[in-house]
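Here is a short report on one protein chain. It starts with a single residue and then widens to the whole fold.

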Amino acid sequence: PKLISKTEGEIVQRTPLGKYKKALQIEFKNCFYCNNELESGRKTQVEHVIPFDFIAEDEMWNFVLACQNCNCRKLGSLSPPNYLDELIERNKNYRRITLLDKSLVKLGLDFETKIRDHYENAKSQGYMVVKDFP
């Protein structure tokens, strides 16, 4: 993703994630990874399932809420494939979240395939899958 931007050394501007956090907190009260109840404030974090430094975009289809422990443990790695499956199912089942629906529309009708391709491409580029996670 964003190959030309990356090869030309363009610095991708990060989007403030507060609006995404608020939208996700309406529907989700537990950490996407460990399923523990999320605490309010800074300990609840918006997490990129496919690392930002690979995907180079802040899009709702790739965001989940995570506790600070899981987010820090995963860092710039990939989660095990079962979480990718859960992300795709979440995206299918929660299109009523306006920001999520808009993000999926950008990906197109075959968004599931594109998400899986991003994950596999990240793996092929050397992104490690976290073992024994969470």
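Cys67 has a relative accessibility of 16%, so it counts as buried. Buried means under 20% relative accessible area, exposed over 50%, and partly exposed in between, with a 1.4 Å probe and protein chains only. The closest cysteine sulfur to that of Cys67 belongs to Cys70, at 3.6 Å, which is too far for a bond. A disulfide here is a pair of cysteine sulfur atoms within 2.5 Å. Cys70 is likewise in no disulfide, its nearest cysteine sulfur being that of Cys67 at 3.6 Å. Cys70 is buried, with a relative accessible area of 6%. The disulfide count by this rule is zero.

This is a predicted model: local features need pLDDT of at least 70, side-chain atom pairs count only at pLDDT 80 or more, and totals for chains, interfaces and linings use all residues. Residues are numbered from 1 along each chain as its sequence is written, and side-chain values use heavy atoms, leaving out hydrogens and water.

| Residue | Relative accessible area | Class |
|---|---|---|
| Cys67 | 16% | buried |
| Cys70 | 6% | buried |
| Gln125 | 59% | exposed |

Gln125 sits in the segment after helix 7 (111-124). Its C-alpha atom is 8.9 Å from that of Phe54, and 71 residues separate Gln125 and Phe54 along the chain.

Now the fold. The chain holds seven helices and two strands. Their order along the sequence is α-α-β-α-β-α-α-α-α. Helices (H or I, at least four residues) and strands (E, at least two) are DSSP runs, numbered from the N terminus.

How does the overall size compare with a compact globule? For 134 residues, such a globule would have a radius of gyration near 14 Å, and the chain agrees, with 14 Å. The radius is taken over C-alpha atoms, and the globule rule is 2.2 Å times the number of residues to the power 0.38. The C-alpha trace spans about 40 × 30 × 25 Å along its principal axes.

Of the 134 residues, 44% count as buried. Among contacts with a separation of 6 or more, 73% come from residues 24 or more positions apart. Contact means heavy atoms within 4.5 Å.

The accessible surface is about 7,800 Å², and carbon and sulfur atoms supply 50% of that. Areas come from the Shrake-Rupley method with a 1.4 Å probe.

Last, charge. There are 21 positive and 19 negative side chains, and the centres of the two sets are 4 Å apart. Lys and Arg count as positive, Asp and Glu as negative; His and the chain ends are not counted.

Conventions: The place of a charge is taken as NZ of Lys, CZ of Arg, CG of Asp or CD of Glu.
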